[in-house]
Amino acid sequence: MNRLHSMVAIAVVALLGGVFARHDAVFKTFSSTSNECAKYLNNDGSGDCNIHCVGVVAHVWNDTVAKFTPNYANFFAPDAEDNCYENRTDRCMQHVDHKVPVFDKCARANQLGQCYADQYGELKSNVQEYVPKTDVQYTRVFLQCASILGLSHQDLQAMVQQGAYNVPAAACLLRCTLMRMGLYTDSAGVDVPLATRQCGLYNATENVEKCQARIQEEECDKCKRAVRIAKECLRMHFNVKPLGETFAVELYGTSSACAFCFAYYGLNAIFFCPTCPYLTYYTNSYATSSSSAGSSSGFTFYG
């Protein structure tokens with residue numbers, strides 16, 4: 001089998017398995033994630049911790065508060081004539097929140113997941129859904145783009161001093177970063193639904209589709225086009241800030257629901273994003289009214 005046929009075969013296997021990638025972005029189905037978790041947990045997919053595993057693998061679970069993030073709802077399709085599905089789901093989840101302790105994360109995941117299944121809508125088990133990135137993944141994307149574009153310390157310092165939107169080299173940095181994240185293409189512009197799932201809402205100045213179409217007709221330069229779409233259609237803030245001897249890139253919207261993300265460029269790459277998804281490790285100790293005590297630990301995914 002030649003190299004081209006091998007690549008086609010790999011792509012077909014990935015699609016049949018329910019996993020799809022666009023640049024550095026990953027899309028998975030609920031079914032493929034569930035099968036993945038069954039392998040990790042060595043069961044038939046119906047174990048006590050399988051739904052919790054689905055939430056962790058799909059980056060839609062917050063282990064600290066033991067709840068699904070809003071992106072979990074994307075696995076379900078509400079009835080178009082049902083105006084109360086969100087209220088019913090919220091009431092169900094509040095009931096679980098009061099009944100099941102936070103440290104029993106598998107039980108909470110099962111019951112919270114059942115709230116979505118019973119109250120929110122029909123499970124879209126075989127529909128590809130975007131997997132939000134963690135802090136480590138964000139960092140890798142930014143560092144890759146800075147390296148690919150050959151940005152120097154002087155280039156980044158110029159962005160700090162003059163503002164990123166005022167430095168020509170920053171336009172291609174923005175385009176590369178959004179493109180590597182799977183949120184932007186030259187032909188279609190910013191994928192707003194995916195951008196919203198990654199970092200919250202953007203306060204668009206007008207109809208986003210019309211705005212992007214207009215700029216695509218007006219602007220031939222691909223990097224300048226990306227910048228104009230970010231500024232004029234989404235009001236996206238983009239800048240580079242100094243951080244000791246290294247730099248941080250800022251990407252966020254203008255409304256309070258939008259994301260405020262830093263990716264650090266330097267030898268010790270770190271990433272911090274208060275409202276974007278990010279991953280940390282925690283250990284909690286607890287005690288019950290029956291005088292028993294214990295501890296729990298896990299990864300916290302915020303998003």
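This is a predicted model: local features need pLDDT of at least 70, side-chain atom pairs count only at pLDDT 80 or more; totals for chains, interfaces and linings use all residues.
1. Packing of H2 and H3. Two packed helices are described by the angle between their axes and the distance between the axes. For helix H2 (residues 30–41) and helix H3 (residues 50–57), the angle is about 115 degrees and the axes are 9 Å apart. The crossing of this pair is right-handed.

2. Residues at the H2–H3 contact. On the H2 side, the contact is formed by Phe 30, Thr 33, Ser 34, Glu 36, Cys 37, Ala 38, Tyr 40 and Leu 41. Their partners in H3 are Asn 50, Ile 51, Cys 53, Val 54 and Val 57. By class, the contact residues comprise 9 nonpolar, 3 polar and 1 charged.

3. Asn 42. The loop between H2 and H3 contains Asn 42. Its phi is near 55 degrees, which is a positive value in a residue other than glycine. Asn 42 counts as exposed, because its relative accessibility is 72% and the cut-off for exposed is over 50%.

4. His 59. A positive phi also occurs at His 59, near 60 degrees, again in a residue other than glycine. His 59 sits in the loop between H3 and strand E3 (61–62). Is His 59 buried or exposed? With a relative accessibility of 13%, His 59 counts as buried, since buried means under 20%.

5. Asn 71. This residue belongs to the loop that runs between strand E4 (67–68) and strand E5 (76–77). Asn 71 is buried, at a relative accessible area of 13%. Which residues does Asn 71 contact, leaving aside its neighbours within four places in sequence? They are Val 60, Pro 132 and Arg 197.

6. Faces of H7. Helix H7 spans residues 153–162, and Leu 156, Ala 158 and Met 159 in this helix are buried. Viewed down the axis of H7, the buried residues fall within an arc of 155 degrees, so they line one face of the helix. As background, an α-helix has 3.6 residues a turn, so residues three or four places apart point the same way. The face of H7 turned away from the buried side carries Gln 154 and Gln 161, both exposed.

7. End of H7. The residue that follows H7 is Gly 163. Phi of Gly 163 is positive, near 90 degrees.

Conventions
Residues are numbered from 1 along each chain as its sequence is written. Side-chain values use heavy atoms; hydrogens and water are left out. Axes are lines fitted to C-alpha atoms, for helices over the stretch in contact, and angles run from 0 to 180 degrees between N-to-C directions. Helices (H or I, at least four residues) and strands (E, at least two) are DSSP runs, numbered from the N terminus. A crossing is left-handed if the near helix is turned anticlockwise from the far one by less than a right angle, and right-handed if clockwise. Contact means heavy atoms within 4.5 Å. Ala, Val, Leu, Ile, Met, Phe, Trp, Tyr, Cys and Pro count as nonpolar, Asp, Glu, Lys and Arg as charged, and the others, Gly among them, as polar. Buried means under 20% relative accessible area, exposed over 50%, partly exposed in between (1.4 Å probe, protein chains only). The arc is that of the directions from the helix axis to the C-beta atoms.
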